[in-house]
Amino acid sequence: MNRALSNATFATTSSIQDWYEAHYLSVCSGMWNAHMVSAGKNSSTVICTSQSAGYTFSLAQIFASSSNATQPLPIDSSSSSSYGTLDTKAPLILLVIGIALTGLSMLFFLCGVVIMLVTHTAKMRLGVLRVAYLASIAAPIFLTISSAKITSLAEKTTGTADVNVGGVAMAVHAWMERGFYVFTWLGMALMWVVVGLSIAAAFKFASALQIRDPLSLGK
């Protein structure tokens with residue numbers, strides 16, 4: 001749902017790829033096939049490497065590990081080794097919690113329906129539905145915070161900086177695709193709409209249950 005895209009174009013052949021793309025659990029990279037007549041404008045090789053959960057993507061480390069990188073840090077004084085660095089730990093933890101709460105709410109809603117069909121114990125089924133309801137509200141909160149966090153961190157990685165690779169000054173560009181914003185925040189908006197509808201439905205359901213269920217009336 002969330003990613004920062006970093007692209008580096010170099011005039012000389014090196015172990016550094018033309019572009020890098022950071023995901024939550026992997027980093028993809030590749031070289032543009034501009035030298036191929038049959039290749040399209042955006043044709044590129046693609047290699048993806050799995051990463052441990054909560055890893056930190058760093059262009060500075062990539063440059064430093066290159067055999068041809070003699071001065072891997074940005075040249076201009078306004079930049080630092082933190083340029084192109086994306087820490088995925090906090091957003092990933094929040095994302096996992098949000099997904100877990102979403103699954104929990106669905107499980108308890110289903111359990112509540114089953115209990116409602118097979119038992120007449122109002123207190124038990126209402127307790128299960130309350131847990132599901134609270135989890136369904138907490139889930140989009142954590143997912144929204146996660147989306148805001150990764151958006152903020154990814155925005156800080158964007159921009160242009162000059163680096164010295166193999167004694168040659170080159171420009172590195174980092175940006176974030178618009179699709180990130182579209183899918184992330186439209187998804188969040190949809191979840192909050194669902195929560196709003198569930199709140200309205202919960203009040204109607206509770207009112208109907210209190211009227212129709214003799215147990216809830218103390219009979």
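Q: Why is Val-114 called partly exposed?
A: Val-114 has a relative accessible area of 47%, whereas buried means under 20%, exposed over 50% and partly exposed in between (1.4 Å probe, protein chains only); Val-114 therefore counts as partly exposed. The model is predicted, so that local features need pLDDT of at least 70 and side-chain atom pairs count only at pLDDT 80 or more, while totals for chains, interfaces and linings use all residues. Residues are numbered from 1 along each chain as its sequence is written, and side-chain values use heavy atoms, without hydrogens and water.

Q: Why is Asp-18 called buried, and what does its side chain reach?
A: Asp-18, in the loop between β1 (4–8) and β2 (19–22), has a relative accessible area of 9% and is therefore buried. The side chain of Asp-18 reaches the backbone nitrogen of Trp-32 at 2.9 Å.

Q: Why is Thr-151 called buried?
A: Thr-151, which belongs to helix α3, has a relative accessible area of 11% and so counts as buried. The C-alpha atoms of Thr-151 and Thr-184 are separated by 9.3 Å, although the two residues are 33 apart along the chain.

Q: What makes Val-96 and Asp-162 partly exposed?
A: Val-96, in helix α2, has a relative accessible area of 47% and is therefore partly exposed; between Val-96 and Phe-142, 46 residues apart in sequence, the C-alpha to C-alpha distance is 8.9 Å. Asp-162, in strand β8 (residues 159–165), is partly exposed because its relative accessible area is 36%, and its C-alpha atom is 6.1 Å from that of Val-172, ten residues away along the chain.

Q: How do you know which residues line the second largest pocket?
A: On a 1 Å grid, a pocket is an open set of points where a 1.4 Å probe fits, with protein on both sides within 12 Å along at least five of seven lines, and lining residues have an atom within 4 Å of a point. The lining includes Thr-102, Phe-109, Ser-136, Pro-140, Leu-190 and Val-194; α2, α3 (122–157) and α4 (178–212) each give two or more residues, with α4 giving the most, namely five. The second largest pocket holds about 210 Å³ of space.

Q: What secondary structure does the protein chain have?
A: The protein chain has four helices and nine strands, in the order β-β-β-β-β-α-β-β-α-α-β-β-α along the sequence, and 37% of its 219 residues count as buried.

Methods
Polar contact = N/O pair within 3.5 Å; in protein donor to acceptor, adjacent residues only side chain to side chain. Points joined across faces, edges and corners; volume = space filled by probe spheres on them.
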